[in-house]
Structures are given as C-alpha cells and as structure tokens.
Amino acid sequence: MKKYMSKTGAAGLVLFSLLFAGCGNAAVDEETAVRKEPYEKTEFLMGTYVTVRVYDEGKEFVLEEAFDRVEDLADKITVNEPGSEVDAVNAAAGVEAIQLSEDVYPLVRSAWDYSEASDGNFDLAIGPITELWHIGFEDARKPEQSEIDAALTLVDYERVVLDDSAQTVQLADAGMLLDLGAIAKGYITDQVKQLLVEEGVTTAIIDLGGNVYVLGGSPLREGESWNVGIQDPLAARGETIGKTKQKDRSIVTSGIYERYIEVDGVSYHHLMDPETGYPFDNDIAGVSIISDKSIDGDALSTLVFGLGMEAGLAYVNEREDIEAVFVTKDKNVYVSDGLADNFELTNDDYIWENE
C-alpha cells in the first residue's frame, strides 16, 4: 500500500508565503465600514511568521484575540512543548489512552479520517520518521538505513485508536509518534477565521507562513476578489510566478526549497515519504491547493505533492471542491482545470503548460 505524507511537526513549519496585491483603482464605499489600510499584527510563532490583517473599522481589538487563539492552540499541539496534549499522547504510546481537549481532539480526528480516506497515503503516525531526520532544526541529519527501517515499522495510522465519545487517543505500540504538522496549521487557520467571523469581521487576511485564508474581498477592488500571488519556489521569498483571483478561500503551499539539509552534495527536503522513510523524489518543486477550508488544503497539499506531477494533477481535476497550481523543478507550471481561466503567469522564467 503506497503511503504519502509531508510536513514535519507543527514547530518549524516555514513554508512558501503567498503575496497579496489588492490592485484596483476604485475606492471602497465608506458605508461598508471597511478600511483600505488594515489593522495588522505579525508575530513569530510555530517557527514561522504569523500575520493577521483586519480591514473592518473598529475591529482592531480582534487581533489580540486572534493571536491568543493561535498561541493557545500551538501550545497544545506542538511536539516537545511543555503541556502539549500531543506530547502526552506520544509519551503514553503503548501504555494508555489520553483524553484530549475539545480544541485538540477534532484535529486528531480529522487527521485520522484523512489517513483512512486516502488508504494510508496520508498518515498521522509519521512521527518516527520526521523525528529521525528532524529537518528544519539544528540537529537535522540523514539517518542510517537501519534507523529508517526500524522507524518505518511504527508508521501505521490503523494503530492509532480513537474513542469519539471519550475523546481519547491511544498509540498501540511503544515508540509510535503522532506528527500533525501536515494538517495543524490549516486547523489553526480555520479556527482563527471562525473567531474573526464570530466577532463580526467581514474582510481579513490570515497568513500562517504558507497557510493563507482571504476573508471577503479586497477593499481596494470594491470587495471583488483578491489578487493572490503564488510564491516562486526556486527564488527568494517574495518572488512570484503568477496570480489568481480568490475570495473566501484558503491557499496552502507546500514545497521543497525552504527547509532542507545537504549531505555529501545531496539535498534532502523535509517532505517525507512514509513508505521509504526518505523525502519524496519527484519533479515537483511546489504545489498550492485552493480550498474552502485550510485544514483540507493543508492535508491535500501534502497528499498531492506525494502523488507527483501527473497523478497529483489528475487527483485534483477529479474533485470539484479544490484547485491547484503545480510548479516543477524545471520551471513548468500546471494548473487544475478550474483555474484555467483564473490564473495569470507573470514570471517569464516559467512556462505555463496549460496554455
């Protein structure tokens, strides 16, 4: 059974940023109570820069609530964090079930459901492999083959036992480890979006370092869709390959060039294949998933990356609820069918293969 998985733990998740240009020449109507310049806050959390921009007049106070929510969830989810609920589950592997809070259990439930729905192509129990490599941290290394072989025997979502009524999680065997890094930031992004909406915010941008949600439309374009720039995965942060118009949507990008190690002249990125215990080896440099919920985009960006260019694009085109932009290592760009009329290539160094 082929398995695919990706990002390492919730800490250190530095992925491609997506850029926003609210280009347009029409001023927003004052009656909408939406500002052209946002209230904005940025902090370094979970190993990445988190930025929230709120455009609704008088809603500046929501920024503090949003960051309190991010920090609270991160503390409960991040591995090797004092008081982390996920750490507690990992520490009790092979011993007992751990009851989780209402904040964390739905995340684990979703990760398990994705694992099952993909027949193990997405596996929330990838932790023993990502912990071995630890790419993105100072102690990152290439493990010995014997270490990888031993770790692979512990990667199996079917041995993660959930009890919905008691909200408990148990890892069946000692040494198993949950790693929710491939889905956690999407979950947190959705939680922040829900908080903003409950506080009456209609227009905002939430950016958790590669997990982005655009709420409402651009104030500089009379509430029409935002122009969302897709990061060039082969260049410095801030360089884009193209743009797409989106509104009330999540955009999540996974790629290989911001977190990696080099060993004996070979580059190893952080997107791990749980079948081999090594980074995925295919022609994709980056993939962006556009979806209604960020948690779905997070999981699917991982799954689609692991499938490779051809199978990944076919998978996205079979679904009506998501779209994708693929960038290959040889600078070709492919977009899913639903983006054929909603993507503009702006970088001459790349070739748009859909044209």
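Me: Two strands count as paired if DSSP finds at least two bridges between them. With that settled, which residue in β6 is the bridge partner of V161?

Reply: Its bridge partner in β6 is Q170. Please note that this is a predicted model.

Me: How many bridges join β5 to β6, and which way do the strands run?

Reply: There are 4 bridges between β5 and strand β6, which covers residues 168-171, and the two strands run antiparallel.

Me: What sheet do they belong to?

Reply: They belong to an open sheet of 3 strands, in the order β4-β6-β5, with antiparallel pairing. β4 (98-99) and β5 (160-163) each have a single partner strand and stand at the edges, so one side of each has no neighbour in the sheet.

Me: What holds strands of a sheet together in general?

Reply: Strands pair through backbone hydrogen bonds, in either a parallel or an antiparallel manner.

Me: Changing topic: is β17 buried or exposed?

Reply: In strand β17 (residues 323-328), 6 of the 6 residues are buried, so the strand is largely enclosed by the rest of the structure. On one side lie E323, V325 and V327, and on the other A324, F326 and T328; both faces are covered.

Me: Why do the residues split into two sets like that?

Reply: Side chains in a regular strand alternate between the two faces of the sheet.

Me: Which strands pair with β17?

Reply: Strand β16 (residues 284-291) is joined to β17 by 6 bridges, and the two run antiparallel. Here I290 stands opposite E323. β17 also pairs with strand β18 (residues 332-335) over 3 bridges, again in the antiparallel sense. In β18, V335 is the bridge partner of V325.

Me: What lies between β17 and β18?

Reply: The two strands form a hairpin with 3 residues between them, and K331 takes a positive phi near 70 degrees.

Me: Now the whole protein. How many helices and strands are there?

Reply: The protein has 8 helices and 20 strands. Buried residues account for 56% of its 355 residues.

Me: How does its radius of gyration fit a compact globule?

Reply: The value is 20 Å, which agrees with the figure near 20 Å for a compact globule, because that is what 355 residues would give. The C-alpha atoms fill a box of roughly 60 × 45 × 35 Å along the principal axes.

Me: And how far apart are the mean positions of the charges?

Reply: The mean positions of the 27 positive and 69 negative charges are 3 Å apart.

Definitions and conventions: Residues are numbered from 1 along each chain as its sequence is written. This is a predicted model: local features need pLDDT of at least 70, side-chain atom pairs count only at pLDDT 80 or more; totals for chains, interfaces and linings use all residues. Side-chain values use heavy atoms; hydrogens and water are left out. The radius of gyration is taken over C-alpha atoms; the globule rule is 2.2 Å times the number of residues to the power 0.38. Buried means under 20% relative accessible area, exposed over 50%, partly exposed in between (1.4 Å probe, protein chains only). Lys and Arg count as positive and Asp and Glu as negative; His and the chain ends are not counted. The place of a charge is taken as NZ of Lys, CZ of Arg, CG of Asp or CD of Glu.
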